[in-house]
Amino acid sequence: MAECLTLEDILTQQKKEKKELLAKTQKMKHGIPKGDKKKKKEVTAEIARLISDLDIRHDEELKEFQAKNASGNLPELHDVCENLNRASNKKSLKEKEREKAIAEQELENLTGNRFIESKEIAKKLSERQLIIHEVPSDGNCLYAAIEHQLSALNLEKLTVESLRELTSKYLLSHKEEYLPFLTDPDTGDILSDEQYVKYCEDIRNTTAWGGQIEIQALSKICGKPIEVIQAEGPSIIAGDETSSPKLIISYHRHAYGLGEHYNSVVPSG
């Protein structure tokens with residue numbers, strides 16, 4: 001990669017390469033004869049390899065930029081942002097500031113927790129020929145991810161609202177099983193009966209974020225194991241591991257500004 005390339009140049013080129021690869025993989029998929037499962041499996045594996053190879057190369061390019069920038073061999077972040085400012089006089093000040101913020105965030109994430117987590121999850125998914133189906137980070141992410149899983153697997157159609165309602169009712173009717181695992185964030189004490197009821201009501205009536213307790217309950221409600229793929233350590237599976245199919249979601253601790261997040265996971269083919 002040329003010495004004079006800025007971070008903006010690298011990101012633009014990588015975006016172009018990803019777009020080209022997407023077009024190529026779509027063409028590969030369309031070339032699979034209908035009903036040819038063997039060919040579909042081969043093409044799916046090849047697509048996963050191509051995506052993984054591109055991700056690895058892009059990762060190396062960004063690390064190389066970060067290393068050279070740290071040693072002063074490439075323009076500092078200030079120069080990158082100045083270059084963005086000169087890109088187009090027609091752009092509004094707000095747009096320029098947005099692009100500067102993007103450049104700053106990209107550089108900050110080159111070796112940060114978000115970057116590392118993203119690569120680790122992508123690697124695990126690629127090994128299993130899986131990809132992420134993103135859901136909004138609005139507090140409903142766990143329920144939206146489960147809703148998508150049920151739909152993708154042609155199982156029972158349940159909306160975010162109905163999943164929240166069912167989870168609330170299930171936890172209320174199984175208080176003795178789940179109460180010992182819920183504590184007051186201020187005192188560290190186990191929730192009182194009144195606090196537990198409010199906790200369950202908030203699941204139904206608000207966009208309260210769901211975690212392990214809710215995942216356990218959702219597994220019981222859906223009658224399926226739920227696998228949670230995460231960057232650190234092995235997957236966590238709630239429910240009967242021998243049952244199938246599994247509902248598969250991903251857990252992101254650092255990827256979103258609002259905090260922890262869940263996405264749905266689907267086959268890459």
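1. Trp209, Tyr251 and Tyr262 form one aromatic cluster in this predicted model. Rings of Phe, Tyr and Trp (its six-membered ring) are paired if their centres lie within 6.5 Å; planes under 30 degrees apart are stacked, over 60 edge-to-face, and the rest tilted. By this rule the count comes to three aromatic pairs.

2. Tyr170 and Tyr178 make an edge-to-face pair, at 6.1 Å centre to centre with 65° between the planes. Tyr170 is buried at 15% relative accessibility, and Tyr178 is buried at 5% (buried means under 20% relative accessible area, exposed over 50%, partly exposed in between, with a 1.4 Å probe and protein chains only).

3. Tyr251 and Tyr262 form a tilted pair, 5.4 Å centre to centre and 45° between the planes. The pair links distant parts of the chain, 11 residues apart: Tyr251 belongs to strand β4 (residues 247–256) and Tyr262 to strand β5 (residues 259–267). Strands (E, at least two residues) and helices (H or I, at least four) are DSSP runs, numbered from the N terminus. Tyr251 is buried at 10% relative accessibility, as is Tyr262 at 2%.

4. The contact of α6 with α10 (heavy atoms within 4.5 Å) is made by Leu142, Tyr143, Ile146 and Leu150 of α6 and by Glu214, Ile215, Leu218 and Cys222 of α10.

5. On method, local features need pLDDT of at least 70 and side-chain atom pairs pLDDT 80 or more, whereas totals for chains, interfaces and linings use all residues of the predicted model. Residues are numbered from 1 along each chain as its sequence is written, and side-chain values use heavy atoms, leaving out hydrogens and water.
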